[in-house]
Amino acid sequence: MAIEAIKAIVFDLDDTLYDEREYVMSGFRAVGRHVSERYGEEGFAAVAETLFREGERRHIFNQALERLGIGCDEHTIIELVDRYRAHLPDIRLLDDARWALDRLAPHARRGLLSDGYHIAQRQKLTALNLLDRFDAIVLSDAFGRENWKPSPLVYEEVSRRLRLPPEACLYVGDNASKDFVTANRLGWTTVHVQRERGVYAGVQAAPGYEAQYRIRDLRCLAGLAVCTHLFMKEGEHRFMGVESPFIYLSPPHMSGEEQFYINEAFASNWVAPLGPHVDAFEKEVAAYAGVKDAVAVSSGTAAIHLALRLLDIKAGDRVFCSSLTFVASANPILYEGAEPVFIDSEPDTWNMSPQALKAALEEAEREGTLPKAVIVVHLYGQSAKMDEIASLCGRYQIPIVEDAAESLGSTYKGAASGSIGKFGIFSFNGNKIITTSGGGMLLSDDVESLVRARFLATQARDNAPYYQHSVAGHNYRMSNLLAGVGRAQLAVLDERVAARRAVFARYRAALSDLPGVRFMPELANTLSNRWLTALTLDTASGVTVRRLLEALAGERIEARHVWKPLHLQPLFAGKRFYPHEEGAAVSERLFAAGLCLPSGSNLAEADQARVIACIKSVFDNARAGSMPLGTSV
């Protein structure tokens, strides 16, 4: 077949363009609302979902009603089924499906072929905004129930509406047992997308039913020889091969509502720093964290810097800081010419050790060099032991700056991360749990100090009828456009926390039994947002961090070392460091043995399964003796 022969790609709908499980659960919720109104009984959706997850595919409504003690007859079941089919579902396009449709739009004709009850399929297309995205949509129900796939009638109708011969059409589906046999016989090119995530995932094809090509997701269409011409301009390098798509450590996860706020900012011409979205975003973040006020700035680093300026940190002052963190936690100390002193971690949270902090404060008191502030980092979403740290700092009247850049959405004994210290900071960098592309927030109950923070962040312009400046300021304010993005992101923060915790739970369930694997703990009476899933390896198992990172990279999976402690960084050579115990630096051990796995809230379960499979393969090879031990870092 000539490559140029393919002129159109025709997609199956269910489990090819969206996750059919989302539709099923949405339907259960819709029916559950009706059952609640009609019979006054709650819990229908939960019972139906349980039956479904247990593998039940028939008579779910009957069984759910029976478990709730509701009598039913045939008429009742028909009514519930009709409501299930007619509801407008809460579903979304899969990320790779959106990519494929957007990428194809200028280059090829597009078709959709779907079987199922006509009203249900139309509601799905409406919910997914797909009715206007195809040149031909054929719902096989229109041909009669006996003509659902694999009837040739439906394929012939798609071809006719596209005005193309069969050999010019490529069909993409997910169900090996029915999607391909007729299309193959009619001369179509067929592609099986194998995400292993759908309602019928894992169904095996009978002989003669297999597709001609298999791909892991729809982005890989770009690498198929039969359709590269649809994606590539002449002379363009291959966009993506047939290999699996790259899995990122912590990519942005847009809700879809960001564009509304951006459009509003453009319509009002508020596109520069400051504006109504900035004001609203500050109020919403402050309310979420339970503090009196917040100031939106250009980065988390800027927020820390402003906190230090508000605390009158200057040249020669000392500031204590967690050592196991990103360099941005300590850089602002250098901006003011102050001296950082680094405090080790403890094993229960991987955060600042109260034991090491106590030793550092006692020595500083003897020397007459108590710090002007203590910067406490909440690593990877886990809160530090704030009661103990606050007690120590309170004894010496030293203010705490909470670096909660990684822990937005986490809690410590019911209090929001970032709300306990004198000042708290959040980051909205592109890899954080919610993002504004770049940005940060300074928060506090000290409203008067935050008024000065706004002054300093806006170039410290005096209250005069002309540009007058009496002190040095900074260009640190957030733009109205980015604040609009932040408002949309904040609205789904709790969902993002739940998603990342679910990612962590799946890793823990799959990998905890591997020899020497230990996951980052969660302290009692705290809730971690699990921004990144972090774990340590015992090299006695034969698996090192370096070897595991190399194996993951070879499978196009991004993973990283745990942060290199700041007291080991060349930038801070010679700076004081206080270990958790004499001769035993917990942060150094965590760095040597720790790594972070892909943890995005939009990480597909099929992609997470790839990560898990790769890790297990490395351990299997180690047990078989085929892997060199290597070094730890």
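Reader: What makes D293 and R454 a salt bridge?

Author: This is a predicted model, and in it the closest N and O atoms of D293 and R454 are 3.1 Å apart. The cut-off is a side-chain nitrogen of Lys or Arg within 4 Å of a carboxyl oxygen of Asp or Glu, so the pair counts as a salt bridge. A search of the whole structure finds 33 salt bridges.

Reader: Which parts of the chain does the D293 and R454 pair link?

Author: Distant ones: D293 sits in strand 7 and R454 in helix 16, 161 residues apart. Helix 16 (residues 447-457) also lies across strand 7, along with strand 14 and strand 15, and runs at about 15° to strand 7.

Reader: What makes strand 7 an edge strand?

Author: Strand 7 (293-297) pairs on one side only, and strand 20 (577-578) does likewise. They belong to an open sheet of eight strands in the order 7-15-14-11-10-8-9-20, with mixed pairing.

Reader: How do you know that strand 8 and strand 9 pair?

Author: Two strands pair if there are at least two bridges between them. Strand 8 (residues 318-322) and strand 9 (residues 339-343) are joined by five bridges, so they pass, and they run parallel. For a spot to look at, find C321, which stands opposite F342 in strand 9.

Reader: What lies across strand 8 and strand 9?

Author: Helix 14 (residues 354-367) does, and it lies across strand 20 too. Helix 14 runs at about 170° to strand 8.

Reader: Why are strand 3 and strand 6 said to stand at the edges?

Author: Here we turn to another sheet, an open one of six strands in the order 3-2-1-4-5-6, with parallel pairing. Strand 3 (136-139) and strand 6 (213-215) each have a single partner strand, so one side of each has no neighbour in the sheet. On average, neighbouring strands of this sheet are turned by 20° against each other, direction ignored.

Reader: How do you know that strand 5 and strand 6 pair?

Author: Three bridges connect strand 5 (residues 189-193) with strand 6 in the parallel sense, and at least two are needed.

Reader: Which strands do helix 6 and helix 7 touch?

Author: Helix 6 (residues 118-127) packs on the sheet against strand 2 and strand 3, making about 145° with strand 3. Helix 7 (residues 152-162) touches strand 1, strand 2, strand 3 and strand 4, and its direction makes about 160° with that of strand 3.

Note on methods: Residues numbered from 1 in each chain as written. Predicted model: local features only at pLDDT ≥ 70, side-chain atom pairs only at ≥ 80, totals over all residues. Heavy atoms only, no water. Helix = DSSP H or I, 4+ residues; strand = E, 2+ residues; numbered from the N terminus. Contact = heavy atoms within 4.5 Å. Axes fitted to C-alpha atoms, helices over the stretch in contact; angles between N-to-C directions.
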